[in-house]
Amino acid sequence: MSKLLLKGGRLLDPRAGVDRVADVLITDTVIAAIGEDLTDPAARVVDCRGLVVTPGFIDLHVHLREPGEEWKEDIASGTRAAARGGFVAVCAVPNTRPVIDNAALVRFVVEKAAREAAVKVWPYGAVTKGQKGEELAELGEMAAAGAVGFTDDGHPIERAEVMRLALLYARQFGRPVLDHAEDRSLSQDGAMHYGRFSTLAGLRGYDPLAEEVHVARDVLLAEATGGHVHIMHVSTARSVEIIRQAKARGVRVTAEVTPHHLALTDEDVAGSGYDTNFKMNPPLRSAEDREALIAGLADGTIDCVATDHAPHHRDDKEVEFGLAKNGVVGLETAVGVVLDALVRTGRLSLERMILAMSTRPAEVLGLRPPSLRVGAEADVTVLDLEKRWIVRAEDMVSRSRNSPFLGRELVGAPAATVVSGRLVMEGGRLVGW
Amino acid sequence: MGLRRKDLLGLQDLTREEIDLILDTAESMREIIDRPVKKVPTLRGKVIVNLFYEPSTRTRNSFELAAKYLSADVQSVAVAQSSVQKGETLLDTARNLEVMGADLVIMRHSEGGAPHFLARRLRAGVVNAGDGIHEHPTQGLLDLFTIRRRKGRLSGLKVAIVGDILHSRVARSNIWGLLKYGSEVWVAGPATLLPPGLEALGVHVTHDLDEALDGADVVNVLRIQLERQQKGLFPSVHEYARFWGITPQRLAACKEDVLVLHPGPMNRGVEITSEVADSHRAAILEQVTGGVAVRMAVLYLLLGGGGTGE
């Protein structure tokens, strides 16, 4: 029997109405007791005084790159990065090589994760065969094999009829369709947000309408079919407004935003000297868009923060800006960035952050959210709101280091990660690796 | 005095004093071009590499001649036909040039910021010969050189830049340069060919060509790339010529002594009529000569003009 005692932290679980200083005794995989001055000589003690103990963080949007591009990341390295970043579970998108579009590949991820992963891995299946946007993949088979949702992320589902069918069909299995909203006739091959700063930098502009037109379409299709659409990496003010109005009408739409879209803007791209770590899809948007994203997250229009952790090898980024691959890593910086840019500045309450990074991600997938209650599975994240640290490539455990936050000082960090009762990270260091 | 910089990447980050220095130096270089023996030993022993990822006869020849007049050794690499086809990255190409002993790399590339990428990785200097839709600084400088020669000044002018501003690196370099001298810059073109946010720089933006031309001292006519029409950014060459083509009638709105510039090569009858292009108001061939002089000045100031470099 393994025992873990989280001592003296501020327990904060907004959904369960918990906000108190107490000890948490974990026995094997469950929270066995919560109270003051708990002791157990058999327990490993983690000193949580001055720290915040929360339900475990879940990242809905992670590229683990396995199978197919293991030199960028694999299940082992990606989940170690997640553990270090304070996450107890990650959802792996299926745009791998080959594409995860059948039950055998879903099982491959589930089984490999059971052997090698530092945190829980919940795979998505592709919506369409080969992510080609033409024919539905075997969604039911994949759901039965453990797929928690379906997405063609990396590719928008361009044909409205295919999206309509996907929403109708996935609904039967109680799973969401997560869409990468992009009308490619409008985004074209834009390298950064279309606006004043793309004009200044002389980079091809990526029109925000490319996302907004697609979000509006998805919302209408969800409304018509009763299906659940989840909009991935929302980046513009008008998208937020479309989702806000749809939610008010009762449409089953949920949404996520990335830490980098919450913290950075197109001005940062222009000021980066063509640093390709600032290139992603969707691109960093205007300051007005960023404000709308923060407001949308604060008022619950945007349900979750998800990293869109997209590891790329150095060779894919050490090229001309317009030719560089899209995407940035995010697992190891997400908590620090959100705490620093939003919570510390008073833009987002700590309670709302916990809901957006722990409770809501599970609810979006129809799963029981982690909770600080006796009898609940012991998935716990501990936060240090005061820790001052600098993001350094050499400290990262991900196989890739393509982060726009390199060199940036952040205040706030994950202090410990407990996955099903097992301490996997403490004080920024992985435990047991 | 030389330029206290290793690279020339754009007019955005040049000071007015630096531009003055380049233009003043270009005046003396201009004289060399008129000599019977067009060669001075200034850059003897220096190695300049022309690295063109995009075809460009005019700019490449202009840089080559400028280097040769100054006695530098010039190597032209038509990358489009060689290393890129073999999959070589820009970084590997840069490392090769470094070890081959290049002193200066002149680079044309279809991606904005590519010369900045190279400049950060090379000890050698880098001159931007046009990067995507970003900047074309030596074209901007030669336009300023031509305007200064004809008008005697760069301040207090009304300059209209007409055409495809969205895709024009020439327009951006001109805008940066002219604004540094306090000239009034107007841009005019179809809505589909204007980029967002120019107003924030202090540029007047209009879809009404006559408004832009009203009282203009200089009209800078941009080249229309016909493939834009195939992409549907404007409906037809005919319609473009009707609304945006520079004709003698349109020029009547400008000042009597208006100066017409065009970076070439021209689509005669589309963005500019032959009557205008061949008139005394146009300085299109003078721009070409000035281009060599300006590029000589840039090479001289970056490589041999007594600058400390960085």
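Is A:Asp37 buried or exposed? Select A:Asp37 and check. This is a predicted model, and here A:Asp37 counts as exposed, at 68% relative accessibility.

**Stop 1: two positive phi angles**

Stay on A:Asp37. The residue sits in the loop between β3 (30-35) and β4 (44-47) of chain A. Look at the backbone. Phi is positive, about 55 degrees, although A:Asp37 is not a glycine.

Now jump to A:Ser420. Again phi is positive, about 50 degrees, and again the residue is not a glycine. Find A:Ser420 in the loop between β17 (409-419) and β18 (422-426) of chain A. A:Ser420 counts as partly exposed, with 21% relative accessibility. The cut-off for buried is under 20%, so A:Ser420, at 21%, falls in the partly exposed class.

**Stop 2: two cis prolines**

Select A:Glu66 and A:Pro67. A cis peptide bond joins them, with omega about 5 degrees. A:Pro67 belongs to the loop between β6 and α1 (75-84) of chain A.

Next, select A:Arg97 and A:Pro98. The peptide bond from A:Arg97 to A:Pro98 is cis, and omega is near 5 degrees. Look for A:Pro98 in the loop between β7 (87-92) and α2 (103-116) of chain A.

**Stop 3**

**Stop 4: the binding-site residues**

UniProt (unreviewed entry) lists A:Asp153, A:His180 and A:His233 for "binding site". This set spans 81 residues of sequence but also clusters, with a largest C-alpha distance of 10.1 Å. The lining of the second largest pocket takes in A:Asp153, A:His180 and A:His233.

Center on A:Asp153. The residue lies in the loop between β9 (150-151) and α4 (160-171) of chain A. Its relative accessible area is 2%, so A:Asp153 is buried. Which residues is A:Asp153 in contact with, leaving aside its neighbours within four places in sequence? Select these:

- the histidines A:His61, A:His63, A:His180 and A:His233;
- A:Val93, A:Asn95 and A:Gln131;
- A:Met232 and A:Asp308.

Move to A:His61, in strand β6 (residues 57-62) of chain A. A:His61 is buried, with a relative accessible area of 0%. Setting aside residues up to four places away in sequence, A:His61 touches A:Asp153, A:His233 and A:Asp308 from the annotated positions, among others. Its contacts also include A:Cys91, A:Val93, A:Met232 and A:Glu256. Further along the chain, A:His61 touches A:Ala306, A:Thr307 and A:His309.

**Stop 5: a helix pair**

Two packed helices are described by the angle between their axes and the distance between the axes. Select helix α8 (residues 237-249) and helix α11 (residues 287-298) of chain A. They pack at about 30 degrees, with axes 8 Å apart. Angles under 35 degrees count as roughly parallel, and α8(A) and α11(A) are therefore roughly parallel to each other. On the α8(A) side, the contact is made by A:Ala237, A:Val240 and A:Arg244. On the α11(A) side, pick A:Glu288, A:Asp289, A:Ala292, A:Leu293, A:Ala295 and A:Gly296. By class, this contact has five nonpolar, one polar and three charged residues.

Stay on α11 of chain A and select A:Glu291. A:Glu291 is partly exposed, with a relative accessible area of 35%. A:Glu291 and A:Leu262 are 29 residues apart in sequence and 8.0 Å apart in space, C-alpha to C-alpha.

**Last stop: A:Leu209**

Go to helix α7 (residues 209-225) of chain A, where A:Leu209 is found. A:Leu209 counts as partly exposed, at 36% relative accessibility. Not counting residues up to four places away in sequence, A:Leu209 touches A:Leu186 and A:Arg238. Finish with A:Ser239, 30 residues from A:Leu209 along the chain: their C-alpha atoms are separated by 8.9 Å.

Methods
Residues are numbered from 1 along each chain as its sequence is written. Chains are lettered from A and ligands numbered from 1 in the order in which they are written. This is a predicted model: local features need pLDDT of at least 70, side-chain atom pairs count only at pLDDT 80 or more; totals for chains, interfaces and linings use all residues. Side-chain values use heavy atoms; hydrogens and water are left out. Axes are lines fitted to C-alpha atoms, for helices over the stretch in contact, and angles run from 0 to 180 degrees between N-to-C directions. Helices (H or I, at least four residues) and strands (E, at least two) are DSSP runs, numbered from the N terminus. Angles under 35 degrees count as roughly parallel, over 145 as roughly antiparallel, 65 to 115 as roughly perpendicular and the rest as oblique. Contact means heavy atoms within 4.5 Å. Ala, Val, Leu, Ile, Met, Phe, Trp, Tyr, Cys and Pro count as nonpolar, Asp, Glu, Lys and Arg as charged, and the others, Gly among them, as polar. UniProt positions are given in the numbering used here, feature names are shortened, and annotations may be inferred rather than shown by experiment. On a 1 Å grid over the protein atoms alone, a cavity is a set of points where a 1.4 Å probe fits but cannot get out, and a pocket is an open set with protein on both sides within 12 Å along at least five of seven lines; lining residues have an atom within 4 Å of a point. Buried means under 20% relative accessible area, exposed over 50%, partly exposed in between (1.4 Å probe, protein chains only).
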